[in-house]
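Below are some notes for a colleague who has not seen this structure before. They go point by point and can be read beside the model.

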Amino acid sequence: MERLDLIWQSLPLLWEGARVTVTLTICLLGVGLLLGVPVALGQVYGPRPLVILISGYERFFRAMPILVLLMVFFYGLAFLGVSLPAFGTAVLVFGLHSSAYQSQIFRGAIQAIKEGQLLAARALGMSRLQAIRYIVLPQALRLALPAWSNEYSGVLKDTSFVFAIGVTELTRQGWQIMQRTREVFLIFIAVALIYLVLTYLGTWLLELLERRFGIPGLAGQRREEHGRVV
Amino acid sequence: MSSKIVVRVEDLHKRYGNEEVLKGVSFILRQGEALAIIGPSGTGKSTLLRCINRLTEPDSGRIWLEDTEITGAKTDMNKIRQQIGFVFQDFNLFAHLTALDNVRLGLMKVKKLSKGEASERAMTELKRVGLAEKAKAYPAQLSGGQQQRVSIARALAMDPKLMLFDEPTSALDPELIGEVLQVMKALAGEGMTMVVVTHEMGFARSVCDEVIFMEQGVIVEQGPPEHIFLQPRQPRTQQFLGKIGELYGGTGS
Amino acid sequence: MNPLAPFCQTLEEGSFVRLVCDISPRLLQGTATTFQLTVLAIALGLVGGLLLALGRVYGKKPIYWLSTAYVQFVRGTPVLVQLFLIYYGLPAFEIRLDPLTAAIIGLGLNSAAYQAEYFRGAIQSIGRGQMLAARAVGLTNVQAIGYVILPQALRMVIPPWSNELIYTLKYSSVAFIIGTPELMATGQIIASSLRGPGAFRHFEVFLIVAFIYLVCVLVISKLLDLLEQRVKIPGLEMQRA
């Protein structure tokens, strides 16, 4: 009972940690989205040199362990004399990393749209940019949503790695409580359960979004069968 | 017609949920006979066939293969199935194995033949269906007709006492049907005991010794092909054959 | 300790090349540990994943429930939390593991849940007709799974499995947080131990570490591509995600 009491007393701290985790996740997904869509468009519609450049970017960030990137940027920014709080560094690094993965998702979605869609738009007299803006993207974003929801659950868990640069999110809160109280199992089971709730809650919200904006015949493929976001 | 009985089916019943697909089916089949089962789709023909080697469990009724009761609770079905060749509508060749390995697998793992013996036997069967030169091909590299012939070879290799064909040509393009029917015809000519569920009336009429017309889970009429096709007694049989005739311009004479 | 030491002495003190020369032998030791960790974890994950997948596809109620709950729990929580549970949590039950063993078990148990899903997906994508045909030939249930279902499923699973191998290699870096002496940790230790004019070189050390990871990942990807080509069977291709 005493131990359950401990969990009860730790809840405010864990709640605080969960808030940081969620904020970080939302921010990094935002950065990843803002970078990922143009990267995908560039890869599909861009001129050859741009395609090569972008593919290199994508390849690099996907090949790198996120933890290594974190350390390189953490010390690299200091080396260059840029002072950014650890949280900002985390958003930047995770955002870049996620943009590479998100660009893959969006590229797949764009390429899944039949060639005729673009042709029909051009036939109406739309410019290439208009066609992309009004025809391709509205379809591609819908197609991408299920895979994007996978990306959410993937990065949510990965945010725990910012432990290494000292951002006090959910996992680090749990670790600090553990240091103080010497209670390991209950604390980390509680932490794990909060992650589980966040994972399923977020996925559920994204599913609502999917249904809200759903159009018959434009459902994306869920890639859960293949486990990790790739 | 005094040769020995290979299959005896007695009062077979099977229901899926509320729908009774077999409502008491009985027949016997003697050695060397080829039996065609015809009738509209969804009337239990395939279910009947699958019950015979218990890929589908019948609810009640009894089935014998020669002197062994297939429906017995203690029957070793893996032993029985070795003696019954089954050819599926959609071939079901093992997708990861070459034609040769498809035929060889049962010989090696079930009959426990050595690799050499199994290969020799498998090649004989592939030759028999005219596909010796495709031994090394994977299923995806074969046409539908070729795949079906390999699947017939796979079944024959086990030395079955009985062959069951479940609409073997229904999944094939029209131009590929002939090669499969040819193989089956030769088989019947060699005296193989077989049951064929089919929509190929011409085949049923010219190759089979006996025809069963089934509808809604019961045998409506049974007899030699000349009776069923030329002088059907039941009005439902007449109707069915009439419709087929309209579609294909004659009953395949 | 550094076999290159005599050569390194000739390089300019404090320069980047000197740093590379000084620390790369130790970093390569760390890389070896990273590989050891990755290979053992992926092997543990392979065995566990296969059992979990069979449990989820063919298992009876309690087995199905247990394996499903395991997979959902592991996939819904961060690997770092799982590592903490094993490394800091198990001593409460008198099980004390060194950091490397804890990391192998933690990453292996984590990977098992993901691999289970690849295997399950592959097994379920194989048509029911294959099982029927196998039974019709006279194979038993277990023989059918062994000779017909799994050989196909394992081939189909190679592309996602390749991804999993690369993932595990990358994710093995978290082991550094519990003090496993792999590549990341070695970099950290070296960077903190540099003294004199060569001190405070964290950024450069981690750049070298990053470069090693990049080379490893790209080379292994290439090797896996070649492997895929070799074991390919017509009609059984599966796109690499």
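1. Chain A has 8 helices and 0 strands in its secondary structure. Read from the N terminus, its elements follow the order α-α-α-α-α-α-α-α. Please keep in mind throughout that this is a predicted model.

2. The C-alpha trace of chain A extends over about 70 × 45 × 25 Å along its principal axes. Of the 230 residues in chain A, 51% are buried. Among the contacts in chain A with a separation of 6 or more, 78% come from residues 24 or more positions apart.

3. One helix pair in chain A can be described in detail. Two packed helices are described by the angle between their axes and the distance between the axes. For helix α1 (residues 2–45) of chain A and helix α8 (residues 185–212) of chain A, the axes come within 10 Å and the crossing angle is roughly 40°. The handedness of the α1(A) and α8(A) crossing is right-handed.

4. Which residues make this contact? On the side of α1(A) they are Arg3(A), Leu6(A), Ile7(A), Ser10(A), Leu14(A), Ala18(A), Thr21(A) and Val22(A). On the side of α8(A) they are Leu186(A), Ile187(A), Ala190(A), Val191(A), Ile194(A), Tyr195(A) and Leu198(A). Sorted by class, the contact of α1(A) with α8(A) consists of 12 nonpolar, 2 polar and 1 charged residues.

5. Chain C contains 10 helices and 0 strands. Its elements, taken from the N terminus, run α-α-α-α-α-α-α-α-α-α. Along the principal axes, the C-alpha atoms of chain C fill a box of roughly 75 × 50 × 25 Å. The radius of gyration of chain C is 22 Å, whereas a compact globule of 241 residues would have one near 18 Å.

6. In chain C, 55% of the 241 residues are buried. Taking contacts in chain C between residues at least 6 apart in sequence, 72% join residues at least 24 apart.

7. How many pairs of chains touch? There are 2 such pairs, and the one with the most contacts is chains A and C. Chain A and chain B are joined by no contact, and their closest C-alpha atoms are 21 Å apart.

8. Is Asn78(B) buried or exposed? Its relative accessibility is 16%, and buried means under 20%, so Asn78(B) counts as buried. Apart from neighbours within four places in sequence, Asn78(B) has contacts with Arg135(C), Gly138(C), Leu139(C) and Thr140(C).

9. Cys208(B) sits in the loop between α7 (201–207) and β9 (210–215) of chain B. With a relative accessible area of 5%, Cys208(B) is buried. When residues up to four places away in sequence are not counted, Cys208(B) touches Ala34(B), Leu35(B), Ala36(B), Phe203(B) and Pro225(B). From Cys208(B) to Ser170(B) the separation is 38 residues in sequence and 18 Å in space, C-alpha to C-alpha.

Notes
Residues numbered from 1 in each chain as written. Chains lettered and ligands numbered in written order. Predicted model: local features only at pLDDT ≥ 70, side-chain atom pairs only at ≥ 80, totals over all residues. Heavy atoms only, no water. Axes fitted to C-alpha atoms, helices over the stretch in contact; angles between N-to-C directions. Helix = DSSP H or I, 4+ residues; strand = E, 2+ residues; numbered from the N terminus. Left-handed = near helix turned anticlockwise from the far one by under 90°. Contact = heavy atoms within 4.5 Å. Nonpolar A, V, L, I, M, F, W, Y, C, P; charged D, E, K, R; others polar. Buried < 20%, exposed > 50% of the residue type's maximum accessible area, 1.4 Å probe, protein only. Rg over C-alpha atoms; globule rule 2.2 N^0.38 Å.
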